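Here is a short report for a first look at this structure. Keep the sequence and the model at hand while reading.

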Amino acid sequence: MNNTLRQIFRSGKFVTGFAIFVAILLGTLIYPLIITDAPLTIIGQGTFFPPGIYVSVYDSLGSTRYTLDLGEANFNRIASRLSEEDRIAIKEWLVAAGIPEADIDTADTQKLLTQWEENFDAKKSIPGMTNAKRNYYVRLDKSIDGLLSAEGAILAQANAETGALEQTGTVEQSDFVNVQQVANVRFLPLGTDNFGRDMLTELVAATRVSLIIGFVAGIIATLIGLTLGLLAGYIGGPVDDGIMFITNLFTVIPSFVLLILISFSIGQEQRGAFTVAVVIGFTSWVWTARAVRAQVISLRNRDHVNLSKLSGHSTVHIILTDILPYIASYVVMALILQISSGILAEAGLSILGLGPKTTDVPTLGLMMNWARIYQADIQGRWWAYLPVLVTIAMVTFSMNLMNTGLDQVFNPALRD
Amino acid sequence: MKAYQKYFTTKLVWFLTTFVFAFLLNFILPRLMPGDPVAVITQRVTQGMTSQSGAQAVYQQYAEQFGTNKPIWEQFFKYVVNVAQGDLGVSFSQYPRPVADILGASIGWTIALQFPAIIVGWLIGNSLGALAAYLKGGFDKVLMPISIFVSNFPAFGMAVIMLVVFGVNLRWFPTSGGYGFDLIPSPTAEFVWSVIVHYQLPFWSIVLISIGGQAIGMRSMAIYELNADYVKYSRFMGIKDWKIIGYVFRNAMLPQITGLALSIGTMVGGALVAEIIFSYPGLGFTLLNGVVGQDYPLISAATLIITVMVLIANFSIEIIYGLIDPRVKAAQAD
Amino acid sequence: MGKVMLEVRDLTTKYITRFREDVYAVDHVSLKVEEGKSLGIAGESGCGKSTLALSLMGYYFPPLYYTSGDIIIDGRNISGMNPDDVRRSILGTEIAYIPQAAMNALNPTQKVIHFVEDVIQAHNPKATKKEIYELASERFHLLGLPPEVLQKYPVELSGGMKQRTVIAVSVILGPKVLIADEPSSALDVTSQKMVIKMLRDLMESGLIKSMIFITHELPLLYNVTDHIMVMYAGQIVEHGAASEAVFDPLHPYSKGLMGSIIVPEAGLREHKLTAVPGVPPNLKKPPSGCRFAERCKYVRPECRGAAVNIREGGVGRTYRCILTESELREVYKNAA
């Protein structure tokens with residue numbers, strides 16, 4: 001046993017898979033201890049806030065101000081405010097005004113603005129330009145001037161009695177606050193989803209639920225498959241024929257069709273995460289049953305089994321002591337695969353709108369489905385689907401890697 | 001040829017038996033659920049309906065089709081007769097369109113998309129797996145982890161990645177639909193071109209999904225065959241290496257054909273979900289619409305059609321396999 | 001003395017493991033087989049006898065590699081030849097091989113006749129299908145196999161039939177040397193007898209000129225071959241006439257294998273080569289002195305010093321021990 005374990009942990013594939021899996025598992029266990037928010041709390045008033053550190057504007061006004069004279073501050077400010085559209089418009093005007101296109105770089109804010117300042121003339125008539133366009137350029141020039149202005153902003157408060165605005169302070173361009181001193185700062189490493197929920201917290205909770213679904217489904221499928229496989233393989237005869245008939249049927253009838261039918265029939269209200277897991281487990285035992293049966297048949301007439309039979313041991317005793325230990329490795333491998341395919345099955349169901357009901361807990365599949373419905377993919381909100389996909393892929397990949405590693409340990413013919 | 005006829009007959013009987021059971025399951029499963037399905041489902045269906053007469057018609061249609069007041073064998077008999085006549089009921093969500101009409105419009109898209117994609121994926125996957133087993137070394141070391149990763153990548157995930165990369169970012173292909181939304185199906189060059197362009201992303205997603213698993217399977221089979229005793233013996237009888245490689249890959253390919261028959265159900269499942277991501281007008285998307293619209297007749301009929309398609313594919317593969325592998329005939333002759 | 005069909009001088013071949021270690025499974029082996037004679041090679045599994053069989057054909061593929069030595073078949077040295085020439089002009093025509101697991105030696109998805117076509121065309125691309133069929137059916141008939149076998153797939157043949165088919169295919173090009181690697185070990189007794197008879201008939205009819213027979217079942221060797229060679233840890237430890245090696249072994253290993261029994265043949269039947277306690281040395285790091293020292297009943301301190309050479313022990317007889325023949329006989333007598 002020890003020797004087998006040592007061999008398993010010497011397999012690079014197994015160890016890699018195991019490490020990834022344990023890392024994910026630890027993540028789902030430790031994260032909720034640190035961030036204790038309920039995963040489905042809606043915090044954002046709006047959809048798909050991008051990842052980043054969110055600082056309360058109101059609180060930062062009240063924080064201690066520091067003056068920092070940073071050379072690039074002006075430039076950064078202008079660069080961040082000058083939109084891509086404006087840059088392209090500037091380029092168009094400059095080209096029309098006769099500046100060689102090769103000299104213009106819309107990514108180089110400094111140079112672009114210098115060229116603009118030097119060349120722009122509102123009165124210059126450019127052939128083919130509409131009046132509306134001309135006005136647009138005049139406005140653009142004004143706003144660029146505004147951008148370049150060095151004046152600060154004035155803070156005002158309405159007087160409670162008169163209602164008139166009274167200046168309470170100013171904010172200079174060189175004023176800074178220390179994020180550490182701002183009362184309310186929220187780090188959203190993966191932004192928010194379409195409902196305005198913290199993606200990372202939700203993702204961690206979803207991963208945990210999906211893993212549980214996978215485990216429950218995997219254990220149910222493995223138990224059914226193991227029982228049927230043992231009965232068919234060990235008892236043989238009509239029992240074997242009957243079980244194999246059913247097994248063959250469910251091999252050919254696609255399990256996802258059964259999944260869809262059952263899930264739909266159960267109805268949205270009754271469909272909790274656990275129910276979904278059970279349904280998945282009940283529709284995916286076929287391969288385990290086949291594999292176990294094949295193994296048991298090859299074991300059935302081995303000497304040690306015959307010896308046990310001659311010694312008068314009961315069938316249960318023989319199965320427990322003379323058969324199970326020999327097929328344990330296959331059962332473990334089958335379980336690992338079942339878990340990973342259970343997670344995928346849940347995700348597939350959820351995308352079809354047949355996932356667990358959406359009010360209790362998130363699952364990886366539900367998160368994918370929300371992202372799909374709100375078109376996160378087409379709108380380029382990568383944080384709403386990519387982390388979910390990567391998580392699903394890493395979980396199933398790590399499990400299959402472990403499985404491949406085990407396979408190579410137990411079936412030496414497959415070693416490189 | 002006698003032996004093959006025997007094989008064919010066995011497979012045909014098996015196919016028909018499976019069909020009957022699949023049909024039964026399709027009929028029974030929704031009826032096994034707790035509560036009164038008619039009440040639950042009609043309530044669900046009529047909830048969103050504005051037209052009172054429509055709701056009434058659906059209720060009658062549904063009660064008649066389900067006929068829960070009659071004994072179950074009578075319900076089943078009626079179901080069989082209806083299906084045999086091509087009457088799959090009337091859609092709830094697209095009332096009063098018949099389900100057969102909706103499915104008829106989508107089934108062609110699914111077959112034209114999935115059949116070639118699964119075959120192409122199977123061919124590419126097997127070639128890569130065979131190459132990995134034969135070349136070993138670096139090629140194998142790079143290809144195998146990628147294959148394992150890709151084969152575990154969820155089907156919808158692959159579709160989303162393809163959509164984002166080639167549809168949204170590079171803008172090479174359209175992101176949704178089976179043809180341009182501004183076109184009407186017609187045999188014009190413009191329409192055909194639009195169909196071809198829309199075909200690419202779903203097609204290659206399904207191909208990519210199928211490749212990984214096939215490559216892994218083929219690699220294992222080919223390694224197993226390369227170590228077989230006949231390889232050593234053939235070498236020592238002076239047969240050229242390329243000829244032996246021919247034996248090996250032919251023999252490794254055969255279990256892969258059976259493997260395809262067994263996994264086609266799963267592959268079709270993944271492909272249906274990929275259709276949804278691309279809003280491709282096939283059965284997957286229809287199924288999604290059925291679920292969203294709580295359209296029981298549509299879902300029931302769609303799952304039945306999908307099952308039948310998978311069974312037919314499975315049966316065809318087994319029949320072809322019997323022609324290719326001499327061992328099948330030999331086994332029947334005993 | 002007949003014409004020498006196969007002569008091997010100091011042949012050394014090695015396996016390179018996946019951890020890049022060298023394992024010398026055939027270590028400076030020399031042997032000779034004359035026309036019309038047969039040589040038996042015996043030893044425990046893992047002693048290198050099957051590797052020797054593979055090495056003798058001069059056709060190597062990973063993880064087996066040629067290191068040094070000569071293989072001379074009917075006066076032609078093949079050890080330096082390019083592999084493709086070996087394949088075309090040596091394998092099957094000069095030297096042929098019957099593999100250990102003949103059950104699986106035929107491609108399961110190919111009819112026997114198509115394999116025969118591939119074999120013959122690999123050496124003579126001009127041979128037509130008709131010629132090949134005629135030759136094959138004639139040869140099968142001669143060997144007591146129904147020619148219908150040619151039209152069958154291997155799965156349609158019984159185990160014994162498969163084995164005999166493999167033998168018939170192996171000798172179809174009339175090789176000068178036939179190497180049979182445990183050809184009968186997986187068969188039932190009746191099939192075993194048929195295979196042995198077939199091999200004898202082959203020798204008598206001159207279809208093959210000489211034979212090397214590898215087995216771990218000594219009674220078989222004594223019945224079939226003229227000379228016997230015992231291998232241990234990649235080396236020859238004893239080589240002599242069959243009767244000498246079986247009934248009067250010199251090397252302590254051969255002695256141990258046979259015990260000190262001299263019993264009627266029937267008693268030998270149950271006597272397999274597992275009688276020596278202990279396990280062979282790890283060939284990745286063979287011991288510096290005598291390789292058998294660890295398991296030898298008569299071991300002395302000087303055995304573990306330098307490598308032990310082959311000694312002459314009477315006419316046409318060699319063994320590998322630090323003791324002379326008379327010293328050995330003395331030791332055995334005292335032990336008894």
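## A glycine in a loop

In chain A, A:Gly46 sits in the loop that links α2 (12–34) to β1 (52–55). Helices (H or I, at least four residues) and strands (E, at least two) are DSSP runs, numbered from the N terminus. A:Gly46 counts as exposed because it has 9 C-beta neighbours inside 10 Å. The scale calls a residue buried if 20 or more other C-beta atoms lie within 10 Å of its own, exposed if 12 or fewer, and partly exposed in between, with C-beta atoms placed from the backbone. A:Leu61 is 15 residues apart from A:Gly46 along the chain, and their C-alpha atoms are separated by 24 Å.

## Basis of the model

The model is predicted: local features need pLDDT of at least 70, side-chain atom pairs count only at pLDDT 80 or more, and totals for chains, interfaces and linings use all residues. Residues are numbered from 1 along each chain as its sequence is written, while chains are lettered from A and ligands numbered from 1 in the order in which they are written.

## A sheet in chain C

Chain C has an open sheet of eight strands with mixed pairing, in the order β6-β7-β8-β3-β9-β10-β12-β11. Two strands pair if DSSP finds at least two bridges between them. β6 (95–98) and β11 (310–312) of chain C are at the edges; each has a single partner strand, so one side of each lacks a neighbour in the sheet.

Strands β9 (residues 227–232) and β10 (residues 235–241) of chain C run antiparallel and are joined by six bridges. In β10(C), C:Gly240 stands opposite C:Ile228.
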